[in-house]
Every structure is written in structure tokens, then in C-alpha cells.
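Visitor: I'm new to this one, and I'd like a close look at a single part of it. Could you walk me through it slowly?

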Amino acid sequence: MKKILKKIFRKLPLSFRKRIKKVLKKNINKDKLTINDIVKTSKKYDIISFDIFDTLITRCIYEPDDAFKVLGKLVQDEKFIEKRKKAEQQAREKLGHDVNLDEIYDEYMLENNLSKEETSILKNNEIKLEKDLLVPRKDMCSLLKELKKKNKKVILVSDMYLTKKVIVDILNNCGYKDLYDALYLSCDINKRKDLKTMWTFLKKIYPKEKILHLGDNDLSDVQYPKEFGIDTLKIYSSKELLSKCSLYPSLEVLINDRTSSDSILLGLIFNNKIFNSPFTDLSIDSLENFAYSFHAPIITEFLKFVIDSEKNNLLFLAREGYYFCKLYREFCRLNKIEEKEHYYFLASRKATNTAVIFDENDVYKLLNNDYNGSIHNFVSKNFNIDIEETYEMTLPQDYDKAYATIKKYIKEIMKSVKNEKKCYIKYIKELIPNYKKEELNVVDLGYSGSIQYNLSKLLDKHIIGYYLTNSDSVKKYYSDSKLNFYFDIADDKEYEKIYHYSLILEYFLTAPYGQLQRFIETKKGIKPKYNDEILDDAKKASLKVIYNSITEYFKDINRFEKYLQYYPSKKLLCRIYVAMVESGIISMTVKDKFDFTDAYCSDSVRNVFKIISRY
């Protein structure tokens, strides 16, 4: 098989081969270790030593100093970071040793004329934020568990101002309880790694033991210990792994211009998820990580956009609305927001296109839409009648041929669509009895606003739309129809990519049944009729993973709402979204999960990434 692939590769154009090699090379961690590698190596050593921050645990924030900016938001003091760092420096100079948090805030109190109570509140806020920001690097936790199984002596060392009690609480919260034998903090013993005094100290305590130290800093964790006969292994931080992957070049400018919310977004995506493990091959190889990083931030900000409108009568359009509706309720519950009147509103291009047919010309207009399949299925799906013809066609290219066939059945078609229109209006009346007087607000991914257009035409009234994004050919039934877009391409040309890759979102934003075809009248009222579509077990499992990843993101950002209003910049959200698709970082294992069926446009199963030419 390898020989065959090599032959195929050699036949590709040279420029294309170079591009492939460049992408593959960029996304390979040459220094990648495994847990088993380290466990095997540890057999030669008496003591295994670990750095703590960015090695065993990591912050859900891009830079550690960004935490001070978040605290500045909380206390409404733009100069807090300067004051806090100045207090730490002056405390060191005055006391002549490596200071702890209590000593730093004693100095902060004096410098800023605060009371003990005010100072205590500030200090406790910093501790609380650190605990909220810090998460384990899960594979490192697994590594320590394996070392303890081998009865290895494990010690932890760190240059840190947080007190020993706080660090122990943090380590326990992150799953490291009982996984180490000793803890050495610079502020506790006045010895630092970066000043080399920590290594002198350790060699005095363990003069005969052979020590292996693991950490992320090239100097204090890798180079300096070697000067004291301590062997080292480099453990890449999440931030350094990001800098080495193919995503980074397109994000660098925006990262350097980040807001506090942007810093948390970057920390959640890269430190908490994609590069949480130092053993990664610099790719997104799980659906969970992809959904958390790609789907969750975009969908969350769109939901907040809708919630911030404070509108009632939100119509979450099927089928995307099935999960939008669930996520809306979950987000409101977590954030203690009162839900507005809202509905999962059954709609589809097929159902609304048919319901707004008023004359024969409206029938023929449907032949201008994209469709690939048989004429028999097209007529059956659109007009609910059977015809004899079964030839294959592609619309709108085969317009004339299809027109001739449709014309033969036009009277039967008009009778059928008249009934569908009547049933659709009855459905709306049953769902929203006072719909004629109420303001209606549709919520959807976006595209060109076709369904809003059709509903305005069907009900002969203004309808407001809230969309994630728009295309460059938005349809309006009224010239002053209100269309609101979170990512409006009129604001930034780059937002077009949100629309271009929205099929990846649509794959998730679906329902556990087929596309709505029409409504039928029964003795028990109006009932929907769906297209026959089987949601197999594999896709059900994928949708569950994506939904759980998004709700996990809800919970994660909820931790920070007490510190600041979390609104990451649209530019960064868009750039991450686009870069993930275009950088080659998504593994084939993940891409292969994105198969779907859109019976209105095609009879076959298709893959999202193949359609957008990013497979």
C-alpha cells in the first residue's frame, strides 16, 4: 500500500507535492514523547522531578500576566497590572527574599493606601481567579499515576509566589493529590530555579540520588539543572505547541492584539483542549476537541447576540433550530437568564417554497434552484404527487427539460400546493395563536434569508431575522425587511469564510428526523410530514459529542463571567474558525465523521469537507 501511495504522490505536480510536505512537516512534533517513553526512561533514576505551571497544570488564558488584566476588569482599575507587578518587585527588594502572595499584598496595601479588608478582597480575588483558570494537563496527570505505580519518588518544584497551601489546593483540584512525595516552592524555601539556587538546594537534600527533571522552560527547567548533574526532559507548554503548529501564523497578529476575553478564548481552546497534552502531534484528532474549539465559540456568541436583542417570539427554525433551541435553554439556565417566549419552528426550504406558490410561475421558479437527482423525486418531494418520468437531471442546467415535464402536471401540482399552504398557515396559528399581531423573530444560521422571505410572503407581514452570517445575495420580501447578522460581510470581507464553511456547523445543527416536507391535516390537528431519513448510530453519537462539547464550553466560560463580560472579538473568532479548516490541522479521522444527507438538493450522502474542498 505504501508503494502505491508513493507512486501516486510522485505523479502529482512538484509545486503541489511541496505544499503537502510543508503542511505535514509543520504539523509534526519532532520532539514528541509518550507516557511510555518517560516511564521507561524513569527506570534509571531515583527521583523524578516536575515543574508545575505549564507542565503539570496550565491556565485557561494565553499569558499568565493576562490574569492581572482580568482582575483589573473586576476592580475597574486599568492600572491594576502595573500596581500589582510593582508591589511584587518592591516587596522583593525590601524583604530581600522570594516573596509570597501575602507579602506582595502587604506592599500593595501600603503603596495604594488601602485598608486590610480591601486588600484581603483583592488578594482573595486573585486566588479565586487562579483556581478558576487552572486545569490539569491530563496526560501529565496520567504520567504521574504511572510513576507512582512503579513506586517512583516524585517531587514538584516551582518558582511561585502563591503560598504552599494554595498550591496544594490547586494540585488537589487538578487531580494530583497523593501523586507526589515532596513540594518545593521558591516563596516557601527562598530558592529559585531561574537563579540556580533551587538545584543547589536539591542536590544537598538528595546528594546520592539520580534525578530526572521535567519542565517547559528552556533555561530553568532544561539547561540549568544539567549544570548540577541533573538530567532533564523538555515538556512543551500548550503555548509553545501552538507557536509550532500551522494555525499560528494566521493568528499571531490577533493574538498580539488580544483583549482579556480573547486571552480566555485562546486559553480555553489551546491550553485546555487542543494542546493540553504535551504529547500531541499538533493536530486536532478528536471530535470533542474540534467541536469545543470550532463549534462552541461561534455558536455561543451567536446565542448571546440573540439573547442581547431581548426579543420575544423567537422562532428557532428547523432543522438547525432543534439544537439551537436546546442550547438556548441550557445557556439561559446556566447563566440564570430569563427565557423569552420561543419556539422550535418547523420550516424548510422545501416546505416554505411550496407553501408560497401562488401561481404557475412560482412553480417554474423552483427550477432555478440547485438540485441533483431524478425528476420523479424532485416532483414528489416538492409537490407531493407521483409522475411517470424518472430521468436524472441537474438543476438549473436542465431547466428546459424539467419545465416541459412539470407543465404536463401543472393542474395537479397547483391543487396539491394550495392544500399545503392552507395546512402550513393552520400550523402557525396553532403554535402562535396571535401571530398576526405579534412581532416574529426568526433565528437561523443565515445564508440568504430564503425562509424569512417565504414566511413574510406567506403571512403577508414583516418578520425580523437574526442570523449568524449572510451571503452576498440576501433576499428581502420587503425593501425594509430587518435582517441582523452577527458576522455581517458588509462589516468585514473575511466574514465571508463563516458562510463558506457553515456546512460544518449545519452538520451538527440538525434534528433527529428528516427534513420537513409539508403539513397534513388530521382529526387531531395539523401534523408535520418529514422526509424519510435515517440518523444512524454513528451520527447520533457524533451529535451527542458535539452537543456535550458546546455545553462544556458554556460551563467553562461561566466560571469567568463574575470577573468580566466575556465577549471575544469577532475578528479572532472568525480567524480561528477559518484557520482550523484551512491549515490542515484537522485529522482525517475527524473529517470522516462529517457525512450528511440533504434530500432537497441531492439523493446521495455527502461529506462536508469534500463539498468545501477541504477534505
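Visitor: Before we zoom in, how many helices and strands are there in the protein chain? After that, please take me to helix H12.

Guide: Happy to. Keep in mind that this is a predicted model. The protein chain holds 29 helices and 18 strands, and buried residues account for 55% of its 615 residues. Its C-alpha atoms fill a box of roughly 95 × 70 × 45 Å along the principal axes.

Now to H12, which runs over residues 218–226. Moving along the helix, you come to its buried residues: Ser 220, Asp 221, Val 222, Tyr 224 and Pro 225. And what covers them? The cover includes helix H11 (197–205) along with strands E1 (47–51), E6 (211–215) and E7 (231–234).

H12 also takes part in the second largest pocket, where it gives the most to the lining, with 5 residues. Other elements that each supply at least two lining residues include strand E2 (57–59), helix H4 (66–75) and helix H13 (238–244). About 980 Å³ of space lies in this pocket. Its lining has 41 residues, and those nearest the centre are Phe 53, Asp 54, Arg 59, Pro 64 and Asp 159. Sorted by kind, the lining comes out as 20 charged, 12 nonpolar and 9 polar residues.

Terms used. Residues are numbered from 1 along each chain as its sequence is written. This is a predicted model: local features need pLDDT of at least 70, side-chain atom pairs count only at pLDDT 80 or more; totals for chains, interfaces and linings use all residues. Side-chain values use heavy atoms; hydrogens and water are left out. Buried means under 20% relative accessible area, exposed over 50%, partly exposed in between (1.4 Å probe, protein chains only). Helices (H or I, at least four residues) and strands (E, at least two) are DSSP runs, numbered from the N terminus. Contact means heavy atoms within 4.5 Å. On a 1 Å grid over the protein atoms alone, a cavity is a set of points where a 1.4 Å probe fits but cannot get out, and a pocket is an open set with protein on both sides within 12 Å along at least five of seven lines; lining residues have an atom within 4 Å of a point. Grid points are joined across faces, edges and corners, and a volume is the space filled by probe spheres set on the points. Ala, Val, Leu, Ile, Met, Phe, Trp, Tyr, Cys and Pro count as nonpolar, Asp, Glu, Lys and Arg as charged, and the others, Gly among them, as polar.
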